[in-house]
Amino acid sequence: MVKRIINAEDISTAEALRIIEDKVVNSGIGANDEVVNNTLDYLRRFLKVDLEKAKDLISELMKRFGLAKLTAIQIINIMPQTADELRILLGSEKREFSDQDIESILDLLRGSKQS
């Protein structure tokens with residue numbers, strides 16, 4: 001069966017996990033599907049922060065540092081630990097970031113890591 005994409009939105013790993021878990025738990029669709037189970041395993045394994053924290057951090061990065069939503073999502077999904085890692089993710093932004101901005105972002109991320 002051919003499926004159409006009705007809507008597309010950039011979401012974090014945490015949000016993708018919640019959506020798929022809700023679909024599987026609430027409807028039972030895909031509960032025994034290998035692709036669904038592999039996807040859930042991947043999302044759980046690489047989840048860096050819970051959904052509420054991810055939403056808060058994305059909003060904070062967009063508001064405080066003027067980041068595009070997709071850049072903020074990628075930062076939260078990856079949670080870079082060094083300035084060099086973060087600079088790579090910021091490469092798609094239209095402006096340069098000072099060393100102070102980089103350190104402020106890294107401090108924000110360090111304070112939010114899931115234990």
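Let's start with one residue. Asp22 is partly exposed, with a relative accessible area of 33%. Keep Asp22 in mind, please. A word of caution before going on: this is a predicted model.

Who is the partner of Asp22? Asp22 makes a salt bridge with Arg18, and their closest N and O atoms are 3.1 Å apart. Both residues sit in helix H1, four residues apart, which is about one turn of the helix. Arg18 is partly exposed too, at a relative accessible area of 32%.

Arg18 has another salt bridge. Glu15 pairs with Arg18, with the closest N and O atoms 3.3 Å apart. Glu15 and Arg18 are three residues apart in helix H1, so about one helical turn separates them. Glu15 is buried, because its relative accessible area is 17% and the cut-off for buried is under 20%.

Glu21 forms a salt bridge with Arg44, the closest N and O atoms being 2.9 Å apart. Glu21 is in helix H1 and Arg44 in helix H2, 23 residues apart, so this pair ties distant parts of the chain. Glu21 counts as partly exposed at 26% relative accessibility. Arg44 is partly exposed as well, at 48%. How many salt bridges does the structure hold? The count is 10.

Step back to the whole chain. There are six helices and zero strands. Along its principal axes, the C-alpha trace spans about 50 × 35 × 20 Å. Of the 115 residues, 34% are buried. Take the contacts with a separation of 6 or more: 56% of them come from residues 24 or more positions apart.

Next, the domains. Domain 1 covers 13–46 and domain 2 covers 51–111. Their centres, taken over C-alpha atoms, are separated by 26 Å. Five residues of domain 1 are in contact with four residues of domain 2. The size of an interface is often given as the accessible area lost when the parts come together. Here the two domains bury about 360 Å² between them, 53% of it on carbon and sulfur atoms. In domain 1, Thr13, Ala14 and Glu15 lose the most area to domain 2, together 76% of what that side buries.

What holds across that interface, by the rules used? The rule finds zero salt bridges. One residue pair is in polar contact. On the domain 1 side, helix H1 (residues 13–27) gives the largest share, four residues. By class, that side has two nonpolar, one polar and two charged residues.

Thr13 lies in helix H1. Is Thr13 buried or exposed? Thr13 is buried, with a relative accessible area of 15%. Setting aside neighbours within four places in sequence, Thr13 is in contact with Leu43, Leu47 and Asn77.

Asn77 brings us to helix H4, residues 69–78. The buried residues there are Thr71, Ala72, Ile73, Ile75, Ile76 and Asn77. What do they pack against? The partners are H1, helix H2 (34–46), helix H3 (51–65), helix H5 (83–90) and helix H6 (99–110). Just after H4, Met79 takes a positive phi of about 50 degrees.

For contrast, go to the segment before H1, where Ala8 is found. Ala8 is exposed, with a relative accessible area of 66%. Ala8 and Ser92 are 84 residues apart in sequence and 20 Å apart in space, C-alpha to C-alpha.

Technical notes:
Residues are numbered from 1 along each chain as its sequence is written. This is a predicted model: local features need pLDDT of at least 70, side-chain atom pairs count only at pLDDT 80 or more; totals for chains, interfaces and linings use all residues. Side-chain values use heavy atoms; hydrogens and water are left out. Domain bounds come from an automatic or database domain assignment. Contact means heavy atoms within 4.5 Å. Buried area is the accessible area (1.4 Å probe) that two parts lose on being put together, summed over both. A salt bridge is a side-chain nitrogen of Lys or Arg within 4 Å of a carboxyl oxygen of Asp or Glu. A polar contact is a pair of N or O atoms within 3.5 Å; within protein, one must be able to donate a hydrogen and the other to accept it, and residues adjacent in sequence count only if both atoms are side-chain atoms. Helices (H or I, at least four residues) and strands (E, at least two) are DSSP runs, numbered from the N terminus. Ala, Val, Leu, Ile, Met, Phe, Trp, Tyr, Cys and Pro count as nonpolar, Asp, Glu, Lys and Arg as charged, and the others, Gly among them, as polar. Buried means under 20% relative accessible area, exposed over 50%, partly exposed in between (1.4 Å probe, protein chains only).
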